[in-house]
Each structure stands twice: as structure tokens, then as C-alpha cells.
Amino acid sequence: MNYEAAAAYALGRLRKELPENYYYHAVNHTIDVLQAIEYLGKGEQVSEADFVLLRTAAAFHDIGFVEIYANHEPAGARIAAEVLPGFGYTEADIKTIQQLINVTALPSQPTTLLEMIIRDADLDYLGREDYLLISHQLKLEWHKRGMVKTMREWYELQYQFMEQHTFYTETARTHRNAGKELYLEQLQNLLGLDGVTKNP
């Protein structure tokens with residue numbers, strides 16, 4: 001498997017083909033997920049072979065956006081299946097990568113460790129110091145598409161999502177849960193929901 005060449009292909013297409021108003025789902029998001037894969041994979045002690053599959057899936061997980069916005073994951077899985085044989089990936093490798101791409105679609109439920117890792121990597125920012133900046137990029141992207149109109153609506157959507165979200169790996173829970181709880185508390189305050197009992 002030539003991961004470096006496969007990743008260069010995916011990142012190259014994202015840089016060239018994504019519209020400028022993809023403020024969140026830009027190539028920087030894919031790079032961010034790749035970085036999260038590194039610390040999560042090491043923390044969960046995955047094998048080097050599994051690391052390659054995770055890195056490849058992360059590189060391709062949003063490539064479907066070059067074709068379609070909504071439900072882009074199946075398109076990304078199809079693109080991966082079309083191009084990865086040319087980079088030395090086997091049919092079994094590609095099947096696993098496709099499953100990893102598809103599990104990044106919400107609200108799908110990860111069942112394997114690799115699926116849990118890529119799901120946590122995709123939403124790693126929820127518990128990081130740059131959450132406010134990154135969430136603002138997503139708000140701008142959705143606003144451009146008429147998916148959110150007011151700040152109140154945005155805060156409500158974020159609160160509902162954050163309250164229901166869970167990190168799956170022990171590594172992510174250890175490193176990100178505290179930050180996520182802080183931002184959830186801030187959203188509660190913004191919405192005047194002080195004292196609301198959260199779901200366990």
C-alpha cells in the first residue's frame with residue numbers, strides 16, 4: 001500500500017475541487033482529522049497495518065464533498081474503491097476503509113475499535129481549545145446553505161448535538177471530555193438553560 005500517494009491524491013482533490021464556501025469541510029478539516037488519528041491510534045495501541053487503514057480512511061472520509069454535499073459519505077466510499085487499487089490496496093483493505101468512511105456519517109453507530117477511533121477523530125475538536133473557532137466555521141458554512149439562520153438557532157443545534165454526543169475511545173474521553181463539558185456549560189448559559197439536567 002502506498003499510503004503517502006493515496007493521501008496526496010485525496011488532499012489534492014479536496015484543495016482543487018471544494019468550493020471556497022466550505023469553511024468547515026475544507027482540506028484543513030481532513031488534515032485535522034489525520035492529526036487526531038495519530039494520537040488516538042497510538043493511545044488505543046492499534047497495529048501499524050490498522051494505522052494505515054485509519055489514515056487512508058481519514059484522508060478520504062470527506063472526498064465525497066467534491067460531488068455532493070448531503071449524504072456525501074457513500075460518494076466518498078465509492079471514490080475510494082475506484083482509486084485505491086491503483087495505490088496497491090487490496091479488496092479487503094478497501095472494504096474496511098469504506099466501512100470507516102461510512103461510519104463518519106451521523107447518526108451511524110461504530111462497532112469496532114477502528115470505527116470508534118475515526119468517529120472520535122472526526123469530532124475531536126469538540127473538546128479542544130479551538131472549538132469556538134472551528135464551530136464558527138461550521139456555522140458560516142451552514143448559514144451559506146440556509147441550514148441555520150439565527151445565532152439562537154445555532155446555539156440550540158450545538159447544545160442538542162453536544163448533549164447527545166459521546167466519545168467512544170478511552171483516549172478521547174481522557175483528553176477531550178473535560179473540554180466538551182465546559183463548552184456544553186457555556187451553551188447552557190447562552191440559552192438560559194442553567195440547571196437543566198443533562199442526559200447521562
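Guide: Happy to! Let's begin with asparagine 71, which sits in the loop between H3 and helix H4 (73-83). Keep in mind that this is a predicted model. The phi of asparagine 71 is near 50°, a positive value in a residue other than glycine. As background, most residues other than glycine have a negative phi, and most peptide bonds are trans. Asparagine 71 counts as exposed because its relative accessibility is 65%, and the cut-off for that label is over 50%.

Glutamine 45 is not a glycine either, yet its phi is positive, at about 60°. With a relative accessible area of 73%, glutamine 45 is exposed.

The loop between helix H5 (91-102) and helix H6 (113-122) holds proline 107. Here the peptide bond is the point to inspect: leucine 106 and proline 107 are joined in cis, with omega about 10°.

Our last stop is valine 148, in the loop between helix H7 (131-144) and helix H8 (151-164). Valine 148 has a relative accessibility of 2%, so it counts as buried; the limit for buried is under 20%. Leaving aside residues up to four places away in sequence, valine 148 touches Lys139, Trp142 and His143, along with Glu153, Trp154 and Leu157. For a sense of distance, the C-alpha atoms of valine 148 and asparagine 28 are separated by 22 Å, and these residues lie 120 residues apart along the chain.

How values were computed
Residues numbered from 1 in each chain as written. Predicted model: local features only at pLDDT ≥ 70, side-chain atom pairs only at ≥ 80, totals over all residues. Heavy atoms only, no water. Helix = DSSP H or I, 4+ residues; strand = E, 2+ residues; numbered from the N terminus. Buried < 20%, exposed > 50% of the residue type's maximum accessible area, 1.4 Å probe, protein only. Contact = heavy atoms within 4.5 Å.
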